[in-house]
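These exercises are worked with the sequence and the 3D structure at hand. Try each task before reading its solution.

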Amino acid sequence: MTKVFGIGAVVRPSQETERRYFIEQLNKLGIYENMKGKPLEKESYHTLRTMLATKRAVAQ
């Protein structure tokens, strides 16, 4: 999710921004909590990234 602005300027979103993006994408796929019933908002960045990657791989 790196964006390039202007000549050589690279802006990378913060981990918190990416966390919100992962939650949004999981919600669009119908996932609102983990397998233990815990809300996605309480999950770590790495857990959310893994959940989204797994869901996308299974969907293919």
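The model is predicted.

**Exercise 1.** Decide whether Phe 22 is buried or exposed.

Solution. The relative accessible area of Phe 22 is 8%. Buried means under 20%, so Phe 22 is buried.

**Exercise 2.** Find the aromatic pair that Phe 22 forms with Tyr 45, and classify it.

Solution. Step 1: the structure holds 2 aromatic pairs. Step 2: in the pair of Phe 22 and Tyr 45, the centres lie 5.5 Å apart and the planes are at 45 degrees. Step 3: planes under 30 degrees apart would count as stacked and over 60 as edge-to-face, so this pair is tilted. Step 4: Phe 22 sits in helix 1 (residues 15-28) and Tyr 45 in helix 2 (residues 45-59), so the pair links parts of the chain 23 residues apart. Step 5: Tyr 45 is also buried, at 8% relative accessibility. Step 6: ring pairs join Tyr 21 to Phe 22 and Tyr 45 in a cluster.

**Exercise 3.** Where do the buried residues of helix 1 lie around its axis, and what do they pack against?

Solution. Step 1: the buried residues are Glu 18, Arg 19, Phe 22, Ile 23, Gln 25 and Leu 26. Step 2: they cover an arc of only 165 degrees around the axis, so they lie on the same side of helix 1. Step 3: these buried residues pack against helix 2.

Key. Residues are numbered from 1 along each chain as its sequence is written. This is a predicted model: local features need pLDDT of at least 70, side-chain atom pairs count only at pLDDT 80 or more; totals for chains, interfaces and linings use all residues. Side-chain values use heavy atoms; hydrogens and water are left out. Rings of Phe, Tyr and Trp (its six-membered ring) pair if their centres lie within 6.5 Å; planes under 30 degrees apart count as stacked, over 60 as edge-to-face and the rest as tilted. Helices (H or I, at least four residues) and strands (E, at least two) are DSSP runs, numbered from the N terminus. Buried means under 20% relative accessible area, exposed over 50%, partly exposed in between (1.4 Å probe, protein chains only). The arc is that of the directions from the helix axis to the C-beta atoms. Contact means heavy atoms within 4.5 Å.
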